[in-house]
Amino acid sequence: MIDTKIFNDTKHAFVLKSDKDLKRSLFLFSMMNIPYFVPVSTAATNVALKLKLPIEPLVKATIFKQFCGGVSQDDCMPLVKKMRKENVYSVLDYSVEGKESEAEFDRAASDKIEIIKYAGGAEEIPFAVAKPTGLGRFEIWEKVTANDKLTDKEQEEWDNIKVRFESVCKAAYDNDTRLLIDAEESWMQDAADNLIEDMMRKYNKEKPIIFNTLQCYRWDRLSYVKGLHERAQKEGFKLGFKTVRGAYMEKENARAKRKGYPTPICEDKEATDVNFNAVMCYCIDNVDDISQFIGTHNEVSTYMALQLMNQKELHLSDDRIWFAQLYGMSDHISFNLGRVNANAIKLVPFGPIKDVIPYLIRRAQENSSVQGQTGRELALLREEKDRRDGSYVKRVE
Ligand SMILES: Cc1cc2nc3c(=O)[nH]c(=O)nc-3n(C[C@H](O)[C@H](O)[C@H](O)COP(=O)(O)OP(=O)(O)OC[C@H]3O[C@@H](n4cnc5c(N)ncnc54)[C@H](O)[C@@H]3O)c2cc1C
């Protein structure tokens, strides 16, 4: 039986944090919890960037240190190795966004291939990640999804996207590194799903190398998985999925309302939770065909997966099931999973400070809007501080 209080051990959760790190995290999460702090500081950061004010040292010492591993892959390696010693693996994510030209997309594809090769040579980094719109313009994905006719130039762009996509997937296969492909807005996702399915057909014959992402706030994802599972069984290829709840809910609902079609999003949080758990359990039930990378900070879902693995007599270290959290968040899940030998992994973003600021702003917004999450992080950090100070009071149950 898995201990129901598995995630409450703050000593293990924050084993890598020095007292100074702990104080910095406490300070940051306390600030993010103050109403209006995040919108005001986001606006101030954007103004400072426009005016070219030297804010990088401040960003680096605070929010960058909390949520990013470094400016380059090599820069991340000391952290990656330290986490591995605590039985927590890493996946490195080059978090530079907003590229638009064909030359930039070509460069992004070769950067991805370099990261995949790097991961291929490092036992601590069993996965790599790629984002469809990092390899080609959003509008092209959108038009292909909508079955719109492409102009000659757009057709050329789409052909280039397919070539880049294939070269990144092939590099994953050649370097034996599993590749997680992010999911984005539903109005570009069909094009990505179809391309990823083709790649799975080609590169997942012996084992899952290419992983698609399932956003379980979409009510259609369980039937999507079942349909794809049927095709994969018939045609003889394996499936890999990153299972998440989904990050674009407000945008999805607003667009559906504006354009007058039924929203693809579950009606409330509870319905998303039920759908997430159903998809996650379906994949575990079919573990011989489906490998899964469960990306969540939700303790109930994580515990449910552990229980199901236990019932099915799967080892917690079964290589077909991984549990992932973002670096800087939910250490109580990652490090306590590592402690019991489950496959725990952190998604570690990296990149030049100036370029990762949009990513950092999103993390700050997420941590100020998801009240429960911030409250939980703060309670755990405070409990650990008290434990170290010797004034231990049990705050978290
Ligand atoms: C390793 C990793 C990789 C990720 N990759 C992706 C990715 O490729 N694509 C992507 O979109 N996201 C991705 N995410 C983000 C993820 O989708 C969630 O937004 C985030 O993890 C919060 O969900 P949770 O399960 O951790 O926590 P929880 O706090 O349990 O769930 C919060 C989530 O529930 C859903 N939700 C909240 N309120 C409602 C409501 N009223 N109605 C319906 N649903 C609601 C939303 O999806 C919200 O993000 C990733 C997350 C991780 C940890």
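Biologist: In which loop does Asp176 lie?

Modeller: Asp176 lies in the loop between α8 and β3, the strand that spans 178-181. Please keep in mind from the outset that this is a predicted model.

Biologist: What is the phi of Asp176?

Modeller: Asp176 has a phi near 50°, which is a positive value in a residue other than glycine.

Biologist: How is the exposure of Asp176 to be classed?

Modeller: A residue is called exposed over 50% relative accessible area and buried under 20%, with partly exposed in between. Asp176 has a relative accessible area of 48%, and therefore counts as partly exposed.

Biologist: Which loop holds Asn147, and what is its phi?

Modeller: Asn147 is not a glycine, yet its phi is positive, at about 60°. Asn147 sits in the loop that joins α7 (138-145) to α8 (152-174).

Biologist: Is Asn147 buried or exposed?

Modeller: Asn147 is exposed, because its relative accessibility is 71%.

Biologist: Let us turn to surface patches. Which residues make the nonpolar surface patch?

Modeller: A nonpolar patch joins nonpolar side chains within 5 Å of one another, taken from residues with over 30% relative accessible area. In this model Val47, Leu51 and Leu53 make such a patch, with an area of about 290 Å². Leu51 belongs to the loop between α3 (37-50) and α4 (56-67). The relative accessibility of Leu51 is 56%, so Leu51 counts as exposed.

Biologist: How is the protein chain divided into domains?

Modeller: The domain assignment gives domain 1 as 1-98 + 321-392, and domain 2 as 117-152 + 165-295. Between the C-alpha centres of domain 1 and domain 2 the separation is 25 Å. To their contact, domain 1 contributes 17 residues and domain 2 contributes 16 residues.

Biologist: What area is buried between domain 1 and domain 2, and what do carbon and sulfur atoms give?

Modeller: Buried area is the accessible area that two parts lose on being put together, summed over both. For domain 1 and domain 2 this area is about 1600 Å², and carbon and sulfur atoms give 65% of it. On the side of domain 1, the residues that lose the most area to domain 2 are Val91, Ile321 and Trp322, which together make up 35% of what that side buries.

Biologist: How many salt bridges are found across the interface of domain 1 and domain 2?

Modeller: The rule finds 2 salt bridges across that interface.

Biologist: With which residue does Arg84 form a salt bridge?

Modeller: The partner of Arg84 is Glu123, and their closest N and O atoms are 2.9 Å apart. The cut-off for such a pair is 4 Å.

Terms used:
Residues are numbered from 1 along each chain as its sequence is written. This is a predicted model: local features need pLDDT of at least 70, side-chain atom pairs count only at pLDDT 80 or more; totals for chains, interfaces and linings use all residues. Side-chain values use heavy atoms; hydrogens and water are left out. Patches are made of residues with over 30% relative accessible area and no salt bridge: like charges are joined within 9 Å, nonpolar side chains (Val, Leu, Ile, Met, Phe, Trp, Tyr) within 5 Å. Accessible areas come from the Shrake-Rupley method with a 1.4 Å probe; for residues, only the protein chains shown count as cover. A salt bridge is a side-chain nitrogen of Lys or Arg within 4 Å of a carboxyl oxygen of Asp or Glu. Helices (H or I, at least four residues) and strands (E, at least two) are DSSP runs, numbered from the N terminus. Buried means under 20% relative accessible area, exposed over 50%, partly exposed in between (1.4 Å probe, protein chains only). Domain bounds come from an automatic or database domain assignment. Contact means heavy atoms within 4.5 Å. Buried area is the accessible area (1.4 Å probe) that two parts lose on being put together, summed over both.
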